[in-house]
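Hi there,

Here is the structure I promised to pass along. Have a look at it first, and my notes follow below.

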Amino acid sequence: MQITAVKPRGGAGLGHRGRWWRLCGIALLTAAVTAVPVQAADRPAAPARPALRAAALPPDGASTGGLDGFTPILYTTTPDTGSIPQAWFIAHHAKNFQAPKVSCVIVSSGELCGDANGNFTEWPKRLSIGTGPLGSETSYLLATTQLPQFVTDGLDSRVVRYPVVTVEPVAGFPNGSVGVGCLNMQSQTNCGYTPLAPKTDIPGVSNVNGLTGFVQVGDSLYGTATDGRQLCYRITVGGACPGQPFAGNTPPNNDRAFLGPSDYRGTTSVIDGKIYITSDGSDRARTTWPHPVTLTCFDPAFNVPCTGWTPVFVQYRDAYRILAIFPRYSPDGTVQPGVCTIAGNKTPAPPIVNCYDGTGNGAPPPLGLSEVFPAGGARSVVFQPLTIKLSDDLRTYFPFYTEDRTYLGQTVCYSWTYATACERSGDLPGFPNPLSHWNVNGGDTHNYGYAYSPARACVYGGGDTGYVFGFNPVTGGTGC
């Protein structure tokens with residue numbers, strides 16, 4: 001059950017504008033929000049506060065404060081601070097070290113968050129490789145990556161770890177480095193930085209200018225540097241894995257000297273215990289070994305390239321930037337050996353779907369998957385999808401837009417259970433395909449990624465234009 005509150009837009013607002021919840025004194029339907037039972041140890045317990053009502057994100061979305069945040073990071077504050085449901089955003093390819101790079105929105109109201117004590121504060125804020133409150137430091141700054149994939153600590157849900165490029169000298173890395181940044185969402189603080197490889201500027205060789213976001217395998221986080229090596233961080237130890245960076249067979253990209261910080265052109269994904277990496281080295285001016293879009297596999301069990309898997313080159317002339325890697329599912333939801341990818345298409349045609357078996361040989365794409373993407377629109381962009389099971393229907397939601405602005409930000413949904421677009425799958429109500437978020441910023445959302453809240457029965461999205469928006473995963477309805 002969910003109640004929708006009507007509140008003044010631009011007037012008194014929760015947290016960001018006068019702590020609306022204190023003025024109203026209304027109660028939370030606790031079943032609608034999952035609170036994280038973690039006690040902040042670095043400050044005394046706050047007095048009991050009135051809880052939030054289980055309201056909804058407005059149908060027209062909410063501003064992140066102008067930050068082009070990536071996939072929402074969903075978090076609910078501890079009970080002593082009101083059990084406030086939040087969506088956090090880290091900016092992508094933010095190469096300006098001084099620029100703010102993190103923002104926070106309350107998804108039950110659409111207002112920007114208050115500070116850690118519930119008081120008014122400005123967003124977005126700076127991130128730092130140091131420690132201390134967000135935005136408090138003017139040094140020790142950092143750059144983020146094209147796809148700032150992050151990992152929430154399974155032992156402490158307050159903590160997010162994300163990829164960092166910095167030119168700040170730290171012990172053992174006098175000329176800058178790439179590594180793991182740390183954000184504590186409860187206390188709203190930077191919680192340190194761990195370098196994993198030196199940033200380099202050596203003409204004629206492959207250099208470390210940036211990295212992919214992180215994926216988690218067991219106790220370790222993995223990412224890929226622009227020189228193709230695998231970076232590794234051990235969560236419980238809080239430091240680099242012994243022997244890393246590990247050699248792989250991923251070709252480099254954006255690795256020429258004096259480019260950093262620079263985007264890694266590709267992404268990583270972990271599927272059935274194996275790490276799959278894409279690399280686009282088509283820009284000869286920026287890559288030491290130019291190459292077409294490539295898919296490789298790394299085995300974290302032995303920290304070597306996957307046995308029997310050789311680099312797969314996508315041979316389509318107009319393919320570029322594979323930013324989506326996802327499992328192959330059977331209709332009953334079982335993960336099949338191998339992997340599927342979606343490459344952007346430079347021409348006015350749908351994105352390019354390719355699938356591979358467990359050894360890297362081509363496999364037929366799932367029935368109907370290629371057909372769910374709309375035709376028309378050049379330079380298509382598809383980022384990492386979200387897969388959830390609703391009733392007996394396993395669905396994957398793809399963020400989609402085209403750089404020629406034919407499509408400004410749509411959600412494409414595919415049912416693995418019924419091998420068709422979700423609008424025609426099973427007994428659930430039809431999900432529009434594609435789903436246009438026309439009510440958010442005039443439909444201009446440039447979707448980057450999604451996060452699902454079962455407690456609120458809502459998928460939250462973020463994108464390039466600086467908005468967070470929500471939609472019902474069954475019907476596509478807005479404002480959940």
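Strand 19 contributes four residues to the lining of the largest pocket, the most of any element (strands are DSSP runs of E, at least two residues, and helices runs of H or I, at least four, numbered from the N terminus). A pocket here is an open set of points on a 1 Å grid over the protein atoms alone, where a 1.4 Å probe fits, with protein on both sides within 12 Å along at least five of seven lines; lining residues have an atom within 4 Å of a point.

Please keep in mind that this is a predicted model, with local features needing pLDDT of at least 70 and side-chain atom pairs pLDDT 80 or more, while totals for chains, interfaces and linings use all residues. Residues are numbered from 1 along each chain as its sequence is written, and side-chain values use heavy atoms, without hydrogens or water.

Back to the largest pocket: its space is about 770 Å³. Thr71, Gln149, Phe150, Gln384 and Pro385 are the closest to its centre among the 27 lining residues.

Gln188 has a relative accessible area of 6%, so it counts as buried. Leaving out residues up to four places away in sequence, Gln188 touches Trp88, Gly114, Asp115, Ala116, Trp123, Lys125, Pro133 and Leu134 (heavy atoms within 4.5 Å).

Best wishes

Notes. Buried means under 20% relative accessible area, exposed over 50%, partly exposed in between (1.4 Å probe, protein chains only). Grid points are joined across faces, edges and corners, and a volume is the space filled by probe spheres set on the points.
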